[in-house]
Amino acid sequence: MAYNEEHDADGSETGRVSFDFRGYLFKILNLWKFVLLSIVFSLAVAYYINVRKQNVYKLDSLISVESEQNPFFTANTSISFNWGGVSGKVGKIITAIRTRTHNEKVVDSLQSYMEYLVEGTYRKEDIYKNAPFDFRLDKSKPQVLGYPIGIRILNATEFEVFTEFEGDRRAAQTYANQTVKQVTVATGVFKKTFKSGALIELPFLNGRLVFKPAATLKPQSEYYINFLNFDAIVNRYQNSIIIGPAPQAASSILRLQLAGTNKAKIVAYLNATSAILSRSELERKNLYATNTIKFIDSSLAAVNTNLKDFSDEMNAFRRENKVFDVSEEIIQISEQLRGYDVTKEQENAKLSYLDNLENYLNTKTNYTEIAAPTSVGIQEGNILSSVSKIVTLAAERQNLEYTTKEGSGLFKELDRRIDAEKNVLLETISATTKTIGIQLTTISRNIANLEAKLSGLPEDQQEYLKIQRKLDISQEAYDIYMVKRSEAAIVKAANISDINVIDEAKDIGGGRIGPNKSLNYMMALMLGFFIPMFLIFALFLLDNTIHGSDEVEQLSKIPILGLIGKYNYKNNLVVFEKPKSAVAESFRSIRSSLQFLYKRQAKPGGKTLMITSSVSGEGKTFCSINMATVYALSGKKTILLGLDLRKPKIFGDFNITNNKGIVNYLIGESTFDEVKYSSHIDNLDVVSSGPVPPNPSELLMSDQLHMLIAQLRQDYDMIVLDTPPLGLVTDALELTQYADATIFIVRLDYTKKGMLALINAKHRAGEVKNISFVMNFYKHKTNHNYGYGYGYGYGYGYGVYGNAYHEQDGGKTVWARFKRLLKRL
């Protein structure tokens with residue numbers, strides 16, 4: 001683990017833990033190649049993304065939204081068709097641009113569902129309309145979806161359509177009505193030659209491909225036509241287009257933005273959006289004028305018929321009767337009657353309009369087709385205001401239907417406001433109708449009085465005056481309607497849209513927003529660095545093995561006697577067969593350190609050295625053999641006892657069998673001389689463990705072993721005890737009573753830190769005395785937590801000595817030396 005127990009001066013644990021930041025740092029430094037590899041890999045991925053990913057561009061355009069009054073006919077008869085001021089209209093324009101209906105118009109006008117492609121390095125690239133031909137598709141017939149159709153230029157007049165279908169059914173769309181259906185296609189390779197402009201009628205492609213006159217045609221050049229689902233393209237643009245107030249500009253200035261991979265497409269879509277929006281807005285703005293002209297045209301038809309009939313009647317009367325003169329008085333009365341008749345006709349027209357309007361309000365739900373009340377001369381302010389509000393709200397509701405689901409609270413609020421305004425208008429119509437009725441009664445009474453004065457005239461004169469009156473009334477009504485229609489037509493023709501393009505979209509270079517190559521490299525650098533940092537941190541927290549002598553010093557007060565480097569060799573006799581190696585020098589160093597310990601004890605007779613460890617595999621037997629060898633080579637009479645009765649090992653390196661050993665002696669089966677073996681190393685005798693007994697602990701506790709050790713102290717200068725692991729069984733504890741010195745083997749990157757707590761406890765309890773640690777598998781650059789900092793005082797590890805102490809590399813190839821150099825990096 002990455003946490004170390006702290007100790008008091010007496011060696012007891014305090015129970016506190018601290019994170020070993022220095023060890024973590026050295027761990028990182030030791031794994032610098034892994035960190036570097038991670039960074040290089042991340043940067044390679046970023047480069048791959050930057051190279052393969054298409055560039056994304058964002059362009060914009062500016063439009064202004066004006067709030068102008070729409071005058072109809074004259075200043076005295078104008079009504080307003082406004083959207084609630086600039087701010088209200090801006091909001092409605094923003095909503096309109098995001099509607100599906102608007103985007104469908106733009107997509108259909110640009111045919112954005114059809115792509116022209118060429119084969120690029122990593123993908124098929126969209127060239128928009130830079131292909132040397134135009135494909136004029138037949139919207140009434142299906143086009144295959146999502147399957148690029150190849151076009152190969154053959155010469156100046158011919159081309160080849162080629163493709164290869166894997167299945168016999170493909171989805172195709174008819175763009176006239178956007179229906180999608182499955183079509184049957186031929187599987188395998190398809191090729192067919194056509195002439196430019198010829199009709200193409202295939203199950204998957206229908207239309208005409210026409211070469212552009214000024215285009216450069218390269219024979220065998222290949223292009224592709226790809227058709228996309230109409231609804232999917234509309235939905236993509238609807239969700240992609242961004243509209244909002246332009247920064248640092250008036251609230252009526254809007255900025256349209258769109259991102260994509262082809263700048264020409266973005267420019268075309270933004271400009272088409274502005275144009276279609278302006279045209280639609282003008283149509284909405286002219287809504288009253290259009291409805292009014294339609295209403296006047298329908299009225300003119302009836303008036304024109306009456307005028308013709310009355311003209312024919314007057315001509316017939318004049319042919320049948322003589323022309324006569326009437327008195328001045330009669331002329332004045334006739335003029336008065338004509339005035340009353342015109343007024344009556346006008347009031348009847350108003351009454352008819354109000355009756356129709358009332359019926360329309362009570363029977364219809366779409367109120368956007370109401371004609372202007374001023375078209376019949378109605379000047380009532382409440383009626384004009386109510387009609388204007390109702391039409392505005394109806395247009396707003398109609399516009400909202402494209403972006404909001406039916407049943408929304410917005411619809412309910414608009415319907416409530418429309419109903420409230422409609423109720424007010426209906427009451428106003430009722431009151432105005434009564435007022436007009438009263439006026440008509442008065443007019444009729446006046447007409448009756450004047451007609452009574454003419455009753456004394458001859459019948460032919462009375463008839464003449466009646467026909468003349470009707471003719472004059474029809475003519476005047478016709479003239480009034482024509483004037484009003486002309487005024488409405490002039491207003492409509494002169495009207496301009498409230499949407500004006502201030503700055504149209506244009507490709508002037510730049511505009512790229514992605515991929516952000518610098519950011520990608522920065523993110524790759526960060527991820528490439530911090531991900532391995534996190535992994536190393538996690539491994540460091542979970543790692544509970546010992547990696548350096550400094551960790552041992554932090555975890556235990558037991559001194560470190562020496563360091564033994566890792567040395568790959570065919571057997572355990574390194575000191576004997578490689579006396580100049582660094583490992584041999586390490587064992588000599590440990591021998592020298594033990595001399596001070598033995599001198600302090602001043603015991604007579606031979607000295608005993610017990611070598612143990614926490615678990616198997618830490619190099620206990622290796623150290624036992626080589627410590628015994630180093631003493632024997634120094635001239636001391638040495639014996640190596642294999643007391644690891646459960647797992648004997650030492651016999652193999654001396655070419656002896658394990659059929660007889662210390663076990664046979666302890667059970668009385670053999671004499672000591674029978675189990676002792678004189679090795680090929682001078683001054684070194686070896687006693688193996690022998691067969692594994694059923695009761696090893698009891699044998700090690702026997703008096704027979706006690707007497708044997710006492711006898712060996714008299715016969716030998718050095719007795720090396722190879723014992724079982726101290727952390728697994730209690731056998732080694734039984735042997736501590738015979739040890740003048742104990743070596744506890746700690747194998748770096750193998751021994752668990754928890755095992756040191758076990759030996760610490762036994763040392764404090766007095767069960768183990770004169771114990772020291774020896775670091776096995778020590779590497780100079782991994783010592784002390786992956787060692788690029790401080791060093792340990794003994795310094796007898798692998799690589800410490802100069803070349804004079806090492807065996808030469810004779811016989812090794814250059815490649816082997818190079819690999820060895822790489823391992824040292």
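Is Q178 buried, partly exposed or exposed, and at what relative accessibility? In this predicted model, Q178 counts as partly exposed, because its relative accessibility is 26% and the partly exposed class lies between the buried limit of 20% and the exposed limit of 50%.

## Overall make-up

The protein chain has 24 helices and 27 strands. Of its 825 residues, 46% are buried.

Contacts were also sorted by separation in sequence. Taking those between residues at least 6 apart, 77% join residues at least 24 apart.

## Loop residues with positive phi

Q178 sits in the loop that links β10 (169-174) to β11 (179-184). Its phi is near 60°, which is a positive value in a residue other than glycine.

D749 also has a positive phi without being glycine, here near 65°. The loop that holds D749 runs between β26 (741-747) and α22 (753-764). With a relative accessible area of 44%, D749 is partly exposed. The residues R747 and Y750 form a charge-over-ring arrangement: R747 lies over the face of Y750, 4.7 Å from the ring centre.

## The loop at G197

G197 belongs to the loop between β12 (188-195) and β13 (199-201). Its relative accessibility of 27% places G197 in the partly exposed class.

Once neighbours within four places in sequence are set aside, the contacts of G197 are with R208, L209 and V210. For L209, the separation from G197 is 12 residues in sequence and 5.4 Å in space, C-alpha to C-alpha.

## Packing of α4 and α5

Helix α4 (residues 100-110) and helix α5 (residues 230-240) have axes that come within 9 Å and cross at roughly 115°. The crossing of α4 past α5 is right-handed.

On the α4 side, the contact is made by R100, N103, E104, V107 and D108. On the α5 side, it is made by F230, D231, I233, V234, N235, Y237 and Q238. Sorted by class, this contact has 5 nonpolar, 3 polar and 4 charged residues.

## Aromatic pairs and a charge over a ring

The count of aromatic pairs comes to 19. In the pair formed by Y24 and F540, the rings are 5.7 Å apart centre to centre, with 50° between the planes, and the pair is tilted. Y24 lies in helix α1 (residues 21-30) and F540 in helix α12 (residues 517-542), so this pair ties together parts that are 516 residues apart in sequence. Both Y24 and F540 are buried.

One aromatic cluster is formed by Y113, F135, Y175, F227 and F230. F230 is also one of the α5 residues that make the contact with α4. Elsewhere, K124 lies over the face of Y224, at 4.8 Å from the ring centre.

## N449 in helix α10

Which helix holds N449? N449 is found in α10, which spans residues 409-453. N449 has a relative accessible area of 45% and is therefore partly exposed.

The C-alpha atoms of N449 and L337 are 9.6 Å apart in space, while the two residues are 112 apart in sequence.

Terms used:
Residues numbered from 1 in each chain as written. Predicted model: local features only at pLDDT ≥ 70, side-chain atom pairs only at ≥ 80, totals over all residues. Heavy atoms only, no water. Axes fitted to C-alpha atoms, helices over the stretch in contact; angles between N-to-C directions. Helix = DSSP H or I, 4+ residues; strand = E, 2+ residues; numbered from the N terminus. Left-handed = near helix turned anticlockwise from the far one by under 90°. Contact = heavy atoms within 4.5 Å. Nonpolar A, V, L, I, M, F, W, Y, C, P; charged D, E, K, R; others polar. Phe/Tyr/Trp six-rings, centres within 6.5 Å; stacked < 30°, edge-to-face > 60°. Buried < 20%, exposed > 50% of the residue type's maximum accessible area, 1.4 Å probe, protein only. Lys NZ or Arg CZ within 6 Å of the ring centre and 35° of its normal.
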